[in-house]
Amino acid sequence: MTAVHVAVGIGVVLVNLAAGLYGAWAWWTSHPAPGFWPLLRAGQALVIVQAALGGLLVLADKPLPRLHLIYGLVPIGVAFVAEQLRLVAAQTELDRRGIEGRDAVAALSEEDRRVMVRAILRREVGVMAASALVVALLGVRASGWL
């Protein structure tokens, strides 16, 4: 079981690092990132699997340092907070542009709506890329490599 926990932990770090770097590149360059969301969700799923495996190790009375448990569980909170920030990305972008309500959005030209949607998606990718990088760093810290 411990070997599986270690292997999944390596996966957590690598997949979240890849998602974070890819998303950060997409955010920085304003390029679309077609594979970002599946990669991010895979990293989040690995975090949940890792937490469940860690829980099984705790139930089996395997000795784990307290900091390991904290660094292992905080990524779930990081992902949750990032999802909340992602959910308000559209409203934040509308507020930034001084656009209020559905009618104001409908009054925009097709090109202006496209620009706004790209800005919303860029904001969402930026938030989630940052969270993936934090999760990767926490995974490294939990492993004791750092």
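1. A pocket here is an open set of grid points with protein on both sides within 12 Å along at least five of seven lines. By that criterion, the second largest pocket of this predicted model holds about 290 Å³ of space.

2. The lining of this second pocket includes Ser-30, His-31, Pro-32 and Ala-33, along with Ala-26 and Trp-37. Val-115, Arg-118, Ala-119, Leu-121, Arg-122 and Val-125 also line the second largest pocket. Helix 6 provides the largest share of the lining, six residues. By residue class, the lining of the second largest pocket has eight nonpolar, two polar and two charged members.

3. The largest pocket has a volume of about 460 Å³. Its lining is made up of 28 residues, and those nearest the centre are His-5, Gln-50, His-68, Gly-72 and Ala-142.

4. Which helices each supply at least two residues of the lining of the largest pocket? They are helix 1 (2-29), helix 2 (36-59), helix 3 (66-87) and helix 6 (110-143). The lining of the largest pocket counts 17 nonpolar residues, ten polar and one charged.

5. Two of these helices, helix 1 and helix 2, pack with their axes 8 Å apart and at an angle of about 155°. Helix 1 is therefore roughly antiparallel to helix 2, since angles over 145 degrees are classed that way. The crossing of helix 1 past helix 2 is left-handed. In the contact of helix 1 with helix 2 there are 16 nonpolar and ten polar residues, and no charged ones.

How values were computed: Residues are numbered from 1 along each chain as its sequence is written. This is a predicted model: local features need pLDDT of at least 70, side-chain atom pairs count only at pLDDT 80 or more; totals for chains, interfaces and linings use all residues. Side-chain values use heavy atoms; hydrogens and water are left out. On a 1 Å grid over the protein atoms alone, a cavity is a set of points where a 1.4 Å probe fits but cannot get out, and a pocket is an open set with protein on both sides within 12 Å along at least five of seven lines; lining residues have an atom within 4 Å of a point. Grid points are joined across faces, edges and corners, and a volume is the space filled by probe spheres set on the points. Helices (H or I, at least four residues) and strands (E, at least two) are DSSP runs, numbered from the N terminus. Ala, Val, Leu, Ile, Met, Phe, Trp, Tyr, Cys and Pro count as nonpolar, Asp, Glu, Lys and Arg as charged, and the others, Gly among them, as polar. Axes are lines fitted to C-alpha atoms, for helices over the stretch in contact, and angles run from 0 to 180 degrees between N-to-C directions. Angles under 35 degrees count as roughly parallel, over 145 as roughly antiparallel, 65 to 115 as roughly perpendicular and the rest as oblique. A crossing is left-handed if the near helix is turned anticlockwise from the far one by less than a right angle, and right-handed if clockwise.
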